Amino acid sequence: MEITRRRLLVLLPAAAVAWKYVLAGTPEGAPNYELTKHWWAMLIDIPKCIGCGSCVRACAEENDVPEGYYRTWIERYHVADWKIERPEVESPDGGKYGFPPHADDGGKNFFVPKLCNHCADSPCTQVCPVGATFISPDGVVLVDKSYCLGCRYCIQACPYGCRFLNPKTNTADKCTLCYHRITKGLTTACCEVCPTGARQLADLKNPKDPIHEFLKTHAVQILKPYMATGAKVFYNGMDGSVR
Amino acid sequence: MFKNIEHLVRLAVVMMIGVLGFVILRAAVVPHSFGQYGHYRGAAIGEIASRPVAFAGHETCEACHTDVVEQKKLGKHVVVSCEACHGALAKHADDPSSVLPKKLDTAILCARCHEANGAKPKGFPQVATAEHSGGLACDTCHQPHHPKIETAEIKTEGKK
């Protein structure tokens with residue numbers, strides 16, 4: 001075929017249309033939920049946690065998490081008098097069935113619930129080679145199951161160990177901050193069942209959210225701040241021994 | 001100037017076919033919503049959000065079980081949401097007549113929170129269940145929705 005200038009001019013817009021078709025997406029968000037009006041976070045009040053494991057059980061039930069894998073888990077810290085750099089940490093079955101009684105031997109003992117920190121600058125989303133994991137416009141780090149290859153890059157990239165390879169789907173799996181609940185106006189399953197209010201879902205873009213007052217008036221920390229991940233799970237009353 | 005440019009035209013044609021092939025293939029293979037919000041499939045957000053819920057949330061329970069709400073208000077368990085003990089009951093909320101909640105064993109359930117453990121906050125009420133009740137179910141004495149035992153003796157003696 002001979003390409004004349006005229007034919008070329010016909011072909012170029014066709015290519016442009018094809019690109020538009022490539023880039024145009026159909027918004028499929030949940031009804032009445034505006035992605036740009038939220039910025040989700042969580043507040044964990046360590047002095048309130050009793051290590052009952054309700055959150056771990058609720059998470060497994062709500063999200064169909066396979067036995068032996070945890071999207072959220074509880075760690076029990078034991079810090080003997082001065083060994084703040086070498087705490088003893090245990091998490092039998094992720095704390096799912098509670099913790100066996102522990103003798104009070106003078107050290108410091110407390111529970112630390114853990115989950116995905118939904119980092120604003122998350123290392124896990126940056127290493128995904130196919131764009132299967134991402135931070136949504138409302139601040140939740142999610143995994144697109146149908147796009148994930150199961151290469152595990154994200155699992156080793158997470159500094160908090162919050163990801164695992166789901167043996168049922170062979171894709172990366174993690175806490176979704178109960179995205180299917182928070183977009184419907186509910187709180188997460190773990191926050192719903194927490195009997196002491198140690199876990200609270202927070203929307204940083206909602207000016208009426210009590211998190212703002214809490215953050216102003218309490219000494220709040222995040223995990224591994226030196227990693228500059230922009231973690232959005234805030235810990236109140238966290239001991240220096242927590243890793 | 002444009003003499004003997006046939007070989008250039010041929011090259012251009014091959015390149016155009018290549019580019020077009022790429023564009024068409026990409027349009028066919030890459031999901032429509034890829035790149036809608038960023039370097040990922042935008043439709044995935046909607047798919048993840050559309051998962052059904054298992055826990056109905058205490059507001060849903062409270063809409064029907066108003067008597068329990070009144071009872072709970074009097075005691076310390078007012079802050080504990082229904083499904084913390086009763087389990088995930090969105091199915092019951094959807095169809096209250098045919099899906100009924102299971103009966104709970106308070107000997108196991110209460111101990112999950114109240115079994116003494118050195119790592120629990122000091123102010124949290126804890127008991128060593130074996131000594132405290134000797135295996136009796138907790139609801140023999142305590143009413144879970146209003147757990148404090150208010151007997152006449154305790155009220156009149158005035159001791160803490």
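The secondary structure of chain A consists of seven helices and 11 strands, where helices (H or I, at least four residues) and strands (E, at least two) are DSSP runs numbered from the N terminus. Chain B has nine helices and zero strands. The model is predicted, so local features need pLDDT of at least 70 and side-chain atom pairs count only at pLDDT 80 or more, while totals for chains, interfaces and linings use all residues. Residues are numbered from 1 along each chain as its sequence is written, chains are lettered from A and ligands numbered from 1 in the order in which they are written, and side-chain values use heavy atoms, with hydrogens and water left out.

**The two chains**

- Of the 243 residues of chain A, 53% count as buried; buried means under 20% relative accessible area, exposed over 50%, and partly exposed in between (1.4 Å probe, protein chains only).
- In chain B, 27% of the 160 residues count as buried.
- Chain A has an accessible surface of about 11700 Å², of which 56% belongs to carbon and sulfur atoms; such areas come from the Shrake-Rupley method with a 1.4 Å probe, and for residues only the protein chains shown count as cover.
- Chain B exposes about 10900 Å², and carbon and sulfur atoms supply 64% of it.
- Among the contacts (heavy atoms within 4.5 Å) with a separation of 6 or more, residues 24 or more positions apart account for 65% in chain A and for 44% in chain B.

**An open sheet in chain A**

- Four strands form an open sheet in the order 9-1-11-10, with mixed pairing; two strands pair if DSSP finds at least two bridges between them.
- The edge strands, each pairing on one side only, are strand 9 (199-203) and strand 10 (220-221) of chain A.
- Strand 1 of chain A runs antiparallel to strand 9 of chain A, with five bridges joining them; Ala41(A) has Ala202(A) as its bridge partner in strand 9.
- Strand 1 of chain A runs parallel to strand 11 of chain A, with four bridges, and Asp45(A) has Asn236(A) as its bridge partner in strand 11.
- Two bridges join strand 10 of chain A to strand 11 (residues 233-236) of chain A, and these run antiparallel; Val220(A) stands opposite Asn236(A).

**Strand 1 of chain A**

- Strand 1 (residues 40-45) of chain A is largely enclosed by the rest of the structure, because six of its six residues are buried.
- In a regular strand the side chains alternate between the two faces of the sheet.
- Trp40(A), Met42(A) and Ile44(A) point one way from strand 1 of chain A, Ala41(A), Leu43(A) and Asp45(A) point the other way, and all are buried.

**The second largest pocket**

- This pocket has a volume of about 740 Å³.
- Of the 30 residues that line the second largest pocket, the closest to its centre are Glu61(A), His86(B), Gly87(B), Ala88(B) and Leu89(B). On a 1 Å grid over the protein atoms alone, a pocket is an open set of points with protein on both sides within 12 Å along at least five of seven lines, and lining residues have an atom within 4 Å of a point.
- Helix 2 of chain A gives the most to the lining of the second largest pocket, with five residues.

**Glu115(B)**

- Glu115(B) is found in the loop between helix 7 and helix 8 (129-132) of chain B, and Glu115(B) is partly exposed, with a relative accessible area of 24%.
- Glu115(B) and Gln126(B) are 11 residues apart in sequence and 5.5 Å apart in space, C-alpha to C-alpha.

Note on methods
1 Å grid on protein atoms, 1.4 Å probe; cavity = no way out; pocket = protein on both sides within 12 Å on 5 of 7 lines; lining within 4 Å. Points joined across faces, edges and corners; volume = space filled by probe spheres on them.
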